[in-house]
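This report describes a single chain from its atoms. The sequence and the structure come first, then the findings by topic.

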Amino acid sequence: MNVFTERVIRILQGIPAGHVMTYGQVAAAAGSPRGARQVVRILHSMSEKYQLPWHRVINIKGEISLTDGNQQELLEMEGVHFKNGKVDLTVYRWFPPDAEEG
């Protein structure tokens, strides 16, 4: 497994319940600011194996990108509120302690 993938997995596993990160934010925190699509790939292929909280990753607009309808329900069960289909990133966005805000 490459270093970026290991970092992404560690970051994803650290997102606490009731918080979210964006795909690009995860990528940047893992060392590849332009790696949002790789984060999507990692979530898709490794969420089950590593029990990743895939539902806590949303797009930069605060919206859910997946269309299965389950993600919003999971986030709401953790206390994340939606307004007009969006999460307020100023309230619910989480920053890993060792990541730089960008």
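## Salt bridge

Arg-56 and Glu-78 form a salt bridge, with 2.6 Å between the closest N and O atoms; the term requires a side-chain nitrogen of Lys or Arg within 4 Å of a carboxyl oxygen of Asp or Glu. The pair links distant parts of the chain, 22 residues apart: Arg-56 is in the loop between H3 and S2, and Glu-78 is in the loop between H4 and S3. A search of the whole structure finds one salt bridge.

Arg-56 is buried at a relative accessible area of 12%, while Glu-78 is partly exposed at 25%. Buried means under 20% relative accessible area, exposed over 50%, and partly exposed in between, with a 1.4 Å probe and protein chains only.

## Basis of the model

The model is predicted: local features need pLDDT of at least 70, side-chain atom pairs count only at pLDDT 80 or more, and totals for chains, interfaces and linings use all residues. Residues are numbered from 1 along each chain as its sequence is written, and side-chain values use heavy atoms, with hydrogens and water left out.

## Helix H3

Helix H3 covers residues 36-50 and bends by about 40 degrees at His-44, the bend being the angle between axes fitted to the seven residues ending there and the seven starting there. Gln-51 follows H3 and has a positive phi, near 50 degrees.

Val-39, Ile-42, Leu-43, Met-46 and Ser-47 are buried in H3. The buried residues of H3 pack against helix H1 (3-14), helix H2 (23-29) and strand S2 (57-58).

## Val-80

Val-80 lies in the loop between helix H4 (70-77) and strand S3 (82-83). Val-80 is buried, with a relative accessible area of 0%. Leaving aside residues up to four places away in sequence, Val-80 touches Gly-18, His-19, Leu-75, Val-87 and Tyr-92; contact means heavy atoms within 4.5 Å.

## Whole chain

The chain has five helices and four strands, in the order α-β-α-α-β-α-β-β-α along the sequence. These are DSSP runs numbered from the N terminus: helices are H or I of at least four residues, strands E of at least two.

Of the 102 residues, 39% count as buried. Among contacts in the chain with a separation of 6 or more, 57% come from residues 24 or more positions apart. The C-alpha atoms fill a box of roughly 35 × 30 × 20 Å along the principal axes.
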